[in-house]
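Dear colleague,

I am handing over the structure we spoke of, and below it you will find my notes on what came out of it. Please read them with the coordinates open beside you.

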Amino acid sequence: LHNSGLVADLPMLEDTGAVGVGLFRTELQFMIASRLPRLQEQVDLYSEAMRLAGDRPIVFRLLDIGGDKVVPYLRSMAEENPAMGYRSIRLGLDRPGLLRTQVRALLLAARGRPLKILVPMVTETFEFQQTKLVIRRELERLKRSGEPLPVQLELGAMVEVPSLLFELDQLLPEADFVSIGSNDLVQFLTAADRANPRVSASYDPIALPRLRAIKLVVDAARRYGVPITMCGELAGRPIEALALMSIGMTRLSMGPASIGPIKELVLNLELEPIKRSVAAAMSDGSEGVPIRGLLEDWVDRQNLPV
């Protein structure tokens, strides 16, 4: 699957052979504009993205601004740590006009096609339920006005805030699918700003504590029969992708340039012995086992292209 945020990326779906777009970052339209994009401008963008995706699925992530994604025409107070402040779905629920307009644009753009909407930065299940309520109200509004509706609407939650790891039993029955945002999840789990190399480089994202957290989500999604995708940067790196596959992650979304190398890895891979080896390393009493070193050893043993 592709990660994307520009329609210019989408023709590459044919070249890479990706099965769809696992993450379309809608905020890029807002970040490059000099003013807030109007309803029709958003409709046009989403319609074009769907046209270029063709029959392939495309997941639209709701506006994820704040932190390192600055939109100058939306006023906000200066924050000591904006990555952990007024951003993403918090901002959307606090400014319902902004959220409703984007949801309305997505529903209008679908026009009889299936639509997948992903809610970013969910901190607790209640926020996801509130967002679902906004979407339902917009759907009812369009029904009353006789507008064409999506033939199917799926709503997903992004798992990237650690508190959500303790609400998976509440969240998963509410969600049609989930996606893990590894960039923020690792940042928050390690208390290390991903934009600060002095600390972020000190933490291996597939070391035991982080990999165990990701596996919690993978295992819970399997129990509830909810599709799960990794759409953070980890999915596009060979050793990290191997770690994800070894704990049961089967859907990976990444930048277009990473798809070829990861496909080549998968085609040459014998996964089962690696899964058993990683499971043993993650079991109780295996503290300190270097997962990365373990996987690098398997890469050598299987002569894998990385």
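Among contacts in the chain between residues at least 6 apart in sequence, those joining residues at least 24 apart make up 67%. Please keep in mind throughout that this is a predicted model.

On the overall form, the radius of gyration is 20 Å, which agrees with the value near 19 Å that a compact globule of 306 residues would have. Along the principal axes, the C-alpha atoms fill a box of roughly 60 × 45 × 35 Å, and the secondary structure of the chain comes to 14 helices and 7 strands. Of the 306 residues, 52% count as buried, while the accessible surface of the chain comes to about 14,300 Å², with 52% of that area belonging to carbon and sulfur atoms. As for charge, the chain carries 36 positive and 38 negative side chains, and the centres of these two sets lie 5 Å apart.

Turning to the aromatic residues, the structure holds 2 aromatic pairs. In one of them, the ring centres of Tyr-46 and Phe-60 are 5.6 Å apart and the ring planes stand at 65°, so this pair is edge-to-face. Because Tyr-46 belongs to helix α3 (residues 39-53) and Phe-60 to strand β3 (residues 58-61), the pair ties together parts that are 14 residues apart in sequence. Both Tyr-46 and Phe-60 are buried, and together with Phe-24 they form one aromatic cluster.

Helix α8 (residues 182-190) is mostly covered, with 7 of its 9 residues buried. The buried residues of α8 are Ser-182, Asp-184, Leu-185, Val-186, Gln-187, Phe-188 and Thr-190, and they pack against β6 (177-180), α10 (208-224) and β7 (228-230).

Two backbone positions may deserve a look, given that most residues other than glycine have a negative phi. Just after α8, Ala-191 takes a positive phi of about 50°; Ala-191 is found in the loop between α8 and α9 (197-200), and at 73% relative accessibility it counts as exposed. Arg-111, which is likewise not a glycine, has a positive phi of about 40° and sits in the loop between α5 (96-110) and β4 (114-119). With a relative accessible area of 47%, Arg-111 is partly exposed.

Leu-1 and Leu-23, for their part, are 22 residues apart in sequence and 8.1 Å apart in space, taken from C-alpha to C-alpha.

With best regards

Key. Residues are numbered from 1 along each chain as its sequence is written. This is a predicted model: local features need pLDDT of at least 70, side-chain atom pairs count only at pLDDT 80 or more; totals for chains, interfaces and linings use all residues. Side-chain values use heavy atoms; hydrogens and water are left out. Helices (H or I, at least four residues) and strands (E, at least two) are DSSP runs, numbered from the N terminus. The radius of gyration is taken over C-alpha atoms; the globule rule is 2.2 Å times the number of residues to the power 0.38. Buried means under 20% relative accessible area, exposed over 50%, partly exposed in between (1.4 Å probe, protein chains only). Contact means heavy atoms within 4.5 Å. Accessible areas come from the Shrake-Rupley method with a 1.4 Å probe; for residues, only the protein chains shown count as cover. Lys and Arg count as positive and Asp and Glu as negative; His and the chain ends are not counted. The place of a charge is taken as NZ of Lys, CZ of Arg, CG of Asp or CD of Glu. Rings of Phe, Tyr and Trp (its six-membered ring) pair if their centres lie within 6.5 Å; planes under 30 degrees apart count as stacked, over 60 as edge-to-face and the rest as tilted.
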